[in-house]
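Dear colleague,

I am handing over a structure that may be new to you, and below it you will find what came out of a first reading. Please look at the sequence and the model before going on to the notes.

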Amino acid sequence: MGSLFKRYGVFQLLSLALNTIITKIFFSKARLIRLPVDVRGKKFISFNKGFTTGKGCRFEAYPIDGKSKVLLFGTNIQVNDHVHITAMSSVVLGNNVLIASNVYISDSTHGSYAGDAADSDPLSIPKDRLYSVNSVTIGDNVWLGEKVSVLPGVTIGSGTIVGANAVVTKSLPANVIAVGIPAKPIKKYNFKTQRWEII
């Protein structure tokens with residue numbers, strides 16, 4: 001108990017106790033959800049064993065069909081402060097995913113901007129544009145760094161690390177380190193040498 005006081009202090013320990021009680025009442029499978037948290041469409045979200053969050057997270061699920069679970073968390077996921085995840089079609093996170101603070105993940109956008117006949121008119125009101133929706137999948141053991149954005153239609157392979165401030169606009173293979181805007185792999189893990197090697 002003494003080490004907990006040294007690590008957290010009295011007020012943080014009280015907050016931790018309150019958060020633990022609320023987690024067990026409202027999110028029985030989760031390990032710890034820190035308040036404040038904003039959960040919209042809870043019945044369309046699957047929280048799983050070992051799920052842990054920081055403060056100020058926002059999880060939203062608005063299924064297109066109005067009935068399916070569209071935001072699915074694997075086991076042992078750790079989400080840090082101010083993470084925002086939105087799902088309309090399907091956002092699936094694998095097991096043991098680590099998400100740093102201020103990360104944004106979404107399978108949907110207001111409007112279409114692909115350069116085809118479905119493009120949204122820039123004179124239209126952005127919030128009134130038809131949603132463009134495309135599923136997102138994040139594999140096991142993925143680590144998303146601080147302020148990463150993961151956009152619709154992306155798959156991130158298992159074991160991949162995405163560096164801070166990256167914007168993931170296209171799918172990434174397994175076991176790479178990707179950085180930049182847009183995010184591109186710069187290293188790949190070599191299982192024979194057991195080293196991250198420059199691509």
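**Notes on the predicted model**

Strand β4 is joined to strand β7 (residues 84–87) by 4 bridges, and these two strands run parallel. Please keep in mind while reading that this is a predicted model.

A second topic is the aromatic side chains, for which the structure holds 9 aromatic pairs. One of them is formed by F47 and F51, whose ring centres lie 5.2 Å apart with the planes at 55 degrees, so that the pair is tilted. Both F47 and F51 are buried. F51 also pairs with F73, and this pair is likewise tilted, with 4.6 Å from centre to centre and 50 degrees between the planes. F27, F47, F51, F59 and F73 form one aromatic cluster, and the charged end of K42 sits over the ring of F27, 4.6 Å from the ring centre.

Finally, there are some points of backbone geometry to look at with care, given that most residues other than glycine have a negative phi and most peptide bonds are trans. The peptide bond from L35 to P36 is cis, with omega near 0 degrees, and P36 is found in the loop between α2 (10–26) and β1. Another cis peptide bond joins I181 and P182, with omega about -5 degrees, and P182 is placed in the loop between β19 (176–179) and β20 (184–190). K147, which is not a glycine, has a positive phi near 60 degrees; K147 lies in the loop between β14 (143–144) and β15 (149–150) and is partly exposed, with a relative accessible area of 47%. Q194 likewise has a positive phi, of about 60 degrees, although it is not a glycine; Q194 lies in the loop between β20 and β21 (195–198) and is exposed, with a relative accessible area of 60%.

With kind regards

Definitions and conventions
Residues are numbered from 1 along each chain as its sequence is written. This is a predicted model: local features need pLDDT of at least 70, side-chain atom pairs count only at pLDDT 80 or more; totals for chains, interfaces and linings use all residues. Side-chain values use heavy atoms; hydrogens and water are left out. Two strands pair if DSSP finds at least two bridges between them. Rings of Phe, Tyr and Trp (its six-membered ring) pair if their centres lie within 6.5 Å; planes under 30 degrees apart count as stacked, over 60 as edge-to-face and the rest as tilted. Buried means under 20% relative accessible area, exposed over 50%, partly exposed in between (1.4 Å probe, protein chains only). A charge sits over a ring if NZ of Lys or CZ of Arg is within 6 Å of the ring centre and within 35 degrees of the ring normal.
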